[in-house]
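Biologist: I would like to learn how to read a contact between two chains. Could you take me through one?

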Number of protein chains: 2
Amino acid sequence: MLKVVAQFFIQSAKVDTALPLLRELAALSRQEEACIAYDLFVNEEDSGHFTIIETWPDHAALKAHSLTEHFTRLVPQLQGLGRETSKITLMKAVDI
Amino acid sequence: MLKVVAQFFIQSAKVDTALPLLRELAALSRQEEACIAYDLFVNEEDSGHFTIIETWPDHAALKAHSLTEHFTRLVPQLQGLGRETSKITLMKAVDI
């Protein structure tokens, strides 16, 4: 299982533009057959700092996600609204 | 509902020391009655970058968590093993 934390840092004047793009990205990503979980959050203290927490079965599924129409259309638009580079962290679970 | 992403950046020579502390923190935090979810992950490309993804019902529960014996004992130890300051992000869910 592969966990992904994707952080977007949106310019304050562009948050209203970014929000529907993020929602569309989440809605369409959730429809991918391999998607286990895909949830969108916003920093309580920074309305331009969005975090997507994703769960995929493996790297192949994440690669396929990155090649979908919605990903290749929406992610570059979101990056164009950023005040800094987005951060993507790929993680594996640690047994407790 | 309150989502928390807590990131610890541990010195490479201290990862073996930090890991049992992180596991203990997670195990005891999960036992807190208010805890909805508490999962530990490690960056695939950085064995010292640990991320805890937590879900709490509200700020009061998170505050109570921060006052527990295990939190006040283990978190300062983990911070002492850090190569940089830990990052805590408090987030709310965005409806899709």
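Biologist: Which residue of β2(B) does Lys92(A) stand opposite?

Modeller: Keep in mind that this is a predicted model. Lys92(A) stands opposite Val42(B), a residue of β2(B).

Biologist: In which sense do β4(A) and strand β2 of chain B pair, and over how many bridges?

Modeller: The pairing is antiparallel. Three bridges join β4(A) to β2 of chain B, residues 37–43.

Biologist: Now the whole interface. How many residues of each chain are in contact?

Modeller: Chain A brings 28 residues, and chain B brings 28.

Biologist: What area is buried between chain A and chain B?

Modeller: Buried area is what the two parts lose on being put together, summed over both. Here the total is about 2400 Å². Carbon and sulfur atoms give 69% of that. On the side of chain A, the most area is lost by Glu44(A), Val94(A) and Ile96(A). Together they make up 29% of what that side buries.

Biologist: And the polar side: how many salt bridges and how many residue pairs in polar contact are there between the chains?

Modeller: Salt bridges number zero. Polar contacts link ten residue pairs, with both residues at pLDDT 80 or more.

Biologist: Which elements of chain A each supply at least two residues to the side that touches chain B?

Modeller: β1 (2–10), α1 (15–30), β2 (37–43), β3 (46–56) and β4 (82–93) do. The largest share, six residues, comes from β4(A).

Biologist: How do the residues on that side of chain A divide by type?

Modeller: Count 15 nonpolar, six polar and seven charged.

Key. Residues numbered from 1 in each chain as written. Chains lettered and ligands numbered in written order. Predicted model: local features only at pLDDT ≥ 70, side-chain atom pairs only at ≥ 80, totals over all residues. Heavy atoms only, no water. Contact = heavy atoms within 4.5 Å. Buried area = accessible area lost by both parts, 1.4 Å probe. Salt bridge = Lys/Arg side-chain N within 4 Å of Asp/Glu carboxyl O. Polar contact = N/O pair within 3.5 Å; in protein donor to acceptor, adjacent residues only side chain to side chain. Helix = DSSP H or I, 4+ residues; strand = E, 2+ residues; numbered from the N terminus. Nonpolar A, V, L, I, M, F, W, Y, C, P; charged D, E, K, R; others polar. Pairing = 2+ DSSP bridges.
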